[in-house]
Amino acid sequence: MPSFDIIKKVAPKATFRTQSVIGAFDIDVNHINEHFIGTIDLDGKPWNVGLIVGGSGTGKTTIAREVFGDCIFNGFDTGNGAVIDAMPETASIKDIERAFTNVGFASPPSWLKPYEVLSNGEKMRVQLAYCLLSGKQLVCFDEFTSVVNREVAKTASVAISKAVRRSNKQFIAVSCHDDIVEWLEPDWIYNTDEQRFFFAQEKSKDQGCKLTYTKWGEQIRLLCGKCSASITI
């Protein structure tokens, strides 16, 4: 049962500018500190996809690094050649082709391009493919879909969710975008805005909340009468 009690202390250096701000706004420096406490209860429960989600500054990255630090994806050596050559040496050509296709990076001509010339969406898909090929059973991916448009976020979320479940690996997305819940369909969520953990079949216990984090799109349609788009990969 991963639990965390994290205090981030900030001690700004006493300069003319910092002291001016502290004096002008009557700031207690102790109020700059941040405190994150909670539990991500995964003991004995099978899962493949998790999500840590919440607004900017709510502790997502801090919590992810505290609880899943060894599994954080920190990028890879992209090299200067074809992106297919930047994949792990232990991966076969067939493994790489399958991983690229599974994450929606299915254009063979693009496999021959250097990483640096790819679009942001293509770069993210390549990063996801690398995660699948890395040999790690669990990968935690920070800033998931943060630098891509929402259509790319949708297709990437559906693709990685299917690929991870197909390979029976574990993937944790860390994101400030709650729209990916419907597309990623995570088995569990830790919401840093609410400081609450939810497993797939559990309802939110927040007062006045009628939604669950399961079949999100269906819940929205039922409550709001709006149609949610769906895609197939």
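Against which strands do the buried residues of α2 pack? The model shown here is predicted, so local features need pLDDT of at least 70 and side-chain atom pairs count only at pLDDT 80 or more, whereas totals for chains, interfaces and linings use all residues. Residues are numbered from 1 along each chain as its sequence is written, and side-chain values use heavy atoms, with hydrogens and water left out.

The chain contains eight helices and seven strands; these are DSSP runs numbered from the N terminus, helices being H or I of at least four residues and strands E of at least two. Of its 233 residues, 44% are buried, where buried means under 20% relative accessible area, exposed over 50%, and partly exposed in between (1.4 Å probe, protein chains only).

Helix α2 spans residues 60-68, and its buried residues are K60, T62, I63, A64 and F68. These buried residues pack against β1 (3-8), β2 (34-39), β3 (49-53), β4 (138-141), β5 (170-175) and β6 (188-191). Contact here means heavy atoms within 4.5 Å.

Between β2 and β3 runs a loop that holds N48. N48 is buried, with a relative accessible area of 15%. Beyond its neighbours within four places in sequence, N48 is in contact with V164, R165, N168, K169, Q170, F171 and D187.

In soluble globular proteins, nonpolar side chains tend to be buried together. A nonpolar core is a set of buried Ala, Val, Leu, Ile, Met, Phe, Trp, Tyr and Cys residues joined through side-chain atoms within 4.5 Å. The largest such core has 45 residues, of which F100, L128, F144 and I160 touch the most other members. Helix α5 gives the most to this core, with eight residues. Leaving out residues up to four places away in sequence, I160 touches V103, L128, L132, F144, F171 and L184. A second, separate core of 20 residues includes F4, F36, L42 and I72.

The structure also has pockets. On a 1 Å grid over the protein atoms alone, a pocket is an open set of points where a 1.4 Å probe fits, with protein on both sides within 12 Å along at least five of seven lines; lining residues have an atom within 4 Å of a point. Residues lining the second largest pocket include D95, R98, L132 and K169. The elements giving two or more residues to this lining are α3 (93-102), α5 (120-133) and α6 (150-167). Helix α3 provides the largest share, four residues.
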